[in-house]
Amino acid sequence: QVQLVESGGGLVQAGGSLRLSCAARASSSFAMGWFRQAPGKEREFVAAISWSGSMQDYTDSVKGRFTISRDNAKNTVYLQMNSLRPEDTAVYYCAGKETLYYTTNMDFDYWGQGTQVTVSS
């Protein structure tokens with residue numbers, strides 16, 4: 001059974017930074033992603049990274065502000081979020097798929113419980 005556990009959410013002022021972590025309790029190789037869902041909106045893709053870290057993808061609205069990275073020795077994926085905006089407010093979800101590679105619009109099989117990020121203006 002694969003478990004993904006997010007942490008690091010919280011309340012921050014606009015322009016501030018947060019780092020989200022996702023610990024994967026699994027022994028396989030996973031591509032990982034971050035998604036978010038704001039109140040009244042559909043869940044949207046934020047960023048993804050391949051197993052090796054060589055392939056990364058971001059939605060346009062976070063490019064240049066967010067960075068996805070991973071430490072496979074710790075089975076952990078990170079999302080460094082800088083220059084946060086009120087529109088970044090959402091529940092952020094970690095997702096995983098048992099594959100070495102990441103491809104655009106790939107479906108993920110495993111999901112965490114989510115962590116709240118609130119950006120005040």
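Where does N75 lie? N75 lies in the loop between strand 7 (66-71) and strand 8 (76-81). Strands here are DSSP runs (E, at least two residues), numbered from the N terminus. The model is predicted, so local features need pLDDT of at least 70 and side-chain atom pairs count only at pLDDT 80 or more, while totals for chains, interfaces and linings use all residues. Residues are numbered from 1 along each chain as its sequence is written, and side-chain values use heavy atoms, with hydrogens and water left out.

**View 1**
Most residues other than glycine have a negative phi. N75 is not a glycine, yet its phi is positive, about 50°. N75 counts as partly exposed because its relative accessibility is 29%. The classes are buried (under 20% relative accessible area), exposed (over 50%) and partly exposed (in between), with a 1.4 Å probe and protein chains only. S83 sits in the loop between strand 8 and strand 9. S83 also has a positive phi of about 50° and is not a glycine. With a relative accessible area of 39%, S83 is partly exposed.

**View 1. Strand 4 and its two partners.**
Strand 4 covers residues 31-37. Six of its seven residues are buried, so strand 4 is largely enclosed by the rest of the structure. Strands count as paired if DSSP finds at least two bridges between them. Strand 4 pairs with strand 9 (residues 90-97) in the antiparallel sense, over seven bridges. Within this pairing, A31 stands opposite K97 of strand 9. Strand 4 also pairs with strand 5 (residues 44-49), again antiparallel, over five bridges. Here F35 has F45 as its bridge partner.

**View 2. The hairpin turn between strand 4 and strand 5.**
Strand 4 and strand 5 form a hairpin. Six residues lie between the two strands. In the turn, G40 has a positive phi of about 75°.

**View 3. S50 in its loop.**
S50 belongs to the loop between strand 5 and strand 6 (56-58). Is S50 buried or exposed? S50 counts as buried because its relative accessibility is 0%. A polar atom of the S50 side chain lies 3.4 Å from the backbone nitrogen of S54. A polar contact is a pair of N or O atoms within 3.5 Å; within protein, one must be able to donate a hydrogen and the other to accept it, and residues adjacent in sequence count only if both atoms are side-chain atoms. Leaving out residues up to four places away in sequence, S50 touches A31, M55, R70, L100, Y101 and Y102. Contact means heavy atoms within 4.5 Å.

**View 4. S29 and its contacts.**
S29 is placed in the loop between strand 3 (18-25) and strand 4. At 26% relative accessibility, S29 counts as partly exposed. Not counting residues up to four places away in sequence, S29 touches W51, K97, E98, T99 and L100. S29 and W51 are 22 residues apart in sequence. Their C-alpha atoms are 6.3 Å apart in space.

Side chains of opposite charge can pair when their charged atoms come close. A salt bridge is a side-chain nitrogen of Lys or Arg within 4 Å of a carboxyl oxygen of Asp or Glu. By this rule the count is five. R36 and E44 form one of them, at 2.6 Å from N to O. R36 is buried at 5% relative accessibility, whereas E44 is partly exposed at 33%. D88 forms a salt bridge with R65, with the closest N and O atoms 2.8 Å apart. This pair links distant parts of the chain, 23 residues apart. D88 is in the loop between strand 8 and strand 9, and R65 is in the loop between strand 6 and strand 7. Both D88 and R65 are buried.

The side chains of K97 and D109 meet in a salt bridge, 3.4 Å from N to O. This pair also links distant parts of the chain: K97 is in strand 9, and D109 is in the loop between strand 9 and strand 10 (110-111), twelve residues apart. K97 is partly exposed, with a relative accessible area of 22%. D109 counts as partly exposed at 46% relative accessibility. Elsewhere, salt bridges that share partners join R36, E44, R65 and D88 into one network.

Key
Helix = DSSP H or I, 4+ residues; strand = E, 2+ residues; numbered from the N terminus.
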